[in-house]
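Please read it with the structure open.

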Amino acid sequence: MSTLKGCVSVLLLVLNTLFWGVPLVALTILKLVTPTRRWRLRVLGGLHWIALAWVKTNNVWIRCWIHPKIHADLPASLSPRRWWLVIANHQSWTDIIALLYVLTGRVSMPKFFLKRELILVPIVGLAWWALEFPFMRRYPREKLARNPKLAERDRQATRRMCDHAREMPMTIYNFVEGTRCTPEKQRRQESPYQHLLRPKAGGVAQVIGLLGPRLDGIIDVTLHYRRGTPNFWDFLCGREADVAIVARCLDRPEWMLDGDYDDAQYKERFYTWLNLLWQEKDAALSSYSWD
């Protein structure tokens with residue numbers, strides 16, 4: 001029966017995507033031919049409405065059909081009319097669904113950093129592109145060492161998103177480990193953490209630097225799965241065990257607005273701040289009680 005539930009869940013997801021995909025494609029074409037940024041912003045507002053409607057419809061069938069065991073501990077100060085940066089650990093595709101499930105309506109329009117390859121996903125890839133999500137390229141360290149200019153492409157994508165972010169409230173999500181955490185990846189990078197990969201500070205620092213005072217707050221989210229190895233298919237089948245989402249609003253240190261990530265001292269200070277945060281997150285994951 002759980003496999004049947006999973007198949008129905010996939011069908012509901014596909015039907016919801018196709019339903020909202022029709023007006024999304026129409027507005028995307030309109031956006032391409034709209035001559036001015038002012039009018040493109042109006043079209044983008046419509047695209048945001050469609051994207052949120054897609055998420056909210058997903059949340060309805062997920063709540064009524066899957067009955068997920070998601071426990072959320074959220075700050076009372078969240079608002080959909082403010083600018084936020086969410087930083088979180090990453091273990092599964094379930095992370096994204098769970099975050100949207102508990103935060104939609106409490107924070108502004110979500111924007112995720114995405115791998116470049118995801119632009120090829122039918123309908124959804126087009127939606128992410130039309131919604132001006134930043135697509136990141138992944139280069140091996142050896143290739144970046146030979147050609148450091150390659151990293152500038154990701155910086156430009158982040159810069160475009162942050163420039164547009166000033167025009168309407170949004171929430172930028174960043175899984176700062178850069179990839180899903182697995183024991184194999186932990187061994188490969190010799191991670192000092194029990195539950196996490198090493199965090200990457202560049203994207204966070206650039207978002208904070210580009211948005212500056214416009215950014216209302218940083219939301220630190222810790223995702224914890226009762227079953228240590230989450231699986232998205234199990235979630236769709238209703239077999240996933242409890243998921244805990246603990247969020248807190250962080251005070252943004254003033255020094256973050258006064259430096260440049262290209263400066264070695266500023267970069268070191270930023271890494272220190274993020275690594276201390278990751279140590280706290282790792283300890284929280286170790287000590288979390290399901291009682």
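Helices here are DSSP runs of H or I of at least four residues, numbered from the N terminus. The model is predicted.

- The buried residues of α3 are Thr 94, Asp 95, Ile 96, Ala 98, Leu 99, Leu 100, Val 102 and Leu 103.
- Helix α8, residues 202-211, has seven of its 10 residues buried, so α8 too is largely enclosed by the rest of the structure.
- In α8 the buried residues are Val 204, Ala 205, Gln 206, Val 207, Ile 208, Leu 210 and Leu 211.
- Gly 212 follows α8 and has a positive phi, near 55°.

**Gln 206**
- Gln 206 lies in helix α8.
- Is Gln 206 buried or exposed? Its relative accessibility is 15%, and because buried means under 20%, Gln 206 counts as buried.
- Apart from neighbours within four places in sequence, Gln 206 is in contact with Asp 154, Arg 155, Thr 158 and Arg 159.

**Nonpolar cores**
- The largest nonpolar core has 47 residues, and those with the most contacts inside it are Leu 99, Phe 112, Ile 219, Val 221 and Ile 245.
- Helix α2 (residues 37-66) gives this core its largest share, 10 residues.
- A second, separate core has 33 residues, including Phe 113, Met 161, Leu 215 and Leu 274.
- Leu 99, one of the buried residues of α3, touches Thr 104, Tyr 173, Phe 175, Val 221, Leu 223 and Ile 245, leaving out residues up to four places away in sequence.

**Second largest pocket**
- The second largest pocket has a volume of about 620 Å³.
- Its lining has 27 residues, and Leu 13, Thr 17, Trp 54, Val 124 and Trp 128 lie nearest the centre of the pocket.
- Which elements each supply at least two residues of this lining? They are α1 (2-33), α2, α3 (94-103), β3 (109-112) and α4 (124-130).
- The largest share of the lining, six residues, comes from α1.
- By class, the lining holds 25 nonpolar, two polar and no charged residues.

**Segments annotated in UniProt**
- An unreviewed UniProt entry places the feature "transmembrane region" at residues 12-33, 83-103 and 118-136.
- In the model, residues 12-33 are 100% helix and 0% strand, with the end C-alpha atoms 32 Å apart.
- Residues 83-103 are 48% helix and 24% strand, and the end C-alpha atoms there are 14 Å apart.

- Most residues other than glycine have a negative phi.
- Ile 123 has a phi near 65°, a positive value in a residue other than glycine.
- Ile 123 is placed in the loop between β4 (114-115) and α4, and at 28% relative accessibility Ile 123 counts as partly exposed.
- Glu 190 also has a positive phi, near 50°.
- Glu 190 is placed in the loop between α7 (183-188) and α8, and Glu 190 is exposed, with a relative accessible area of 62%.

Conventions: Residues numbered from 1 in each chain as written. Predicted model: local features only at pLDDT ≥ 70, side-chain atom pairs only at ≥ 80, totals over all residues. Heavy atoms only, no water. Buried < 20%, exposed > 50% of the residue type's maximum accessible area, 1.4 Å probe, protein only. Core = buried A, V, L, I, M, F, W, Y, C linked by side-chain atoms within 4.5 Å. Contact = heavy atoms within 4.5 Å. UniProt positions renumbered as here; feature names shortened; annotations may be inferred. 1 Å grid on protein atoms, 1.4 Å probe; cavity = no way out; pocket = protein on both sides within 12 Å on 5 of 7 lines; lining within 4 Å. Points joined across faces, edges and corners; volume = space filled by probe spheres on them. Nonpolar A, V, L, I, M, F, W, Y, C, P; charged D, E, K, R; others polar.
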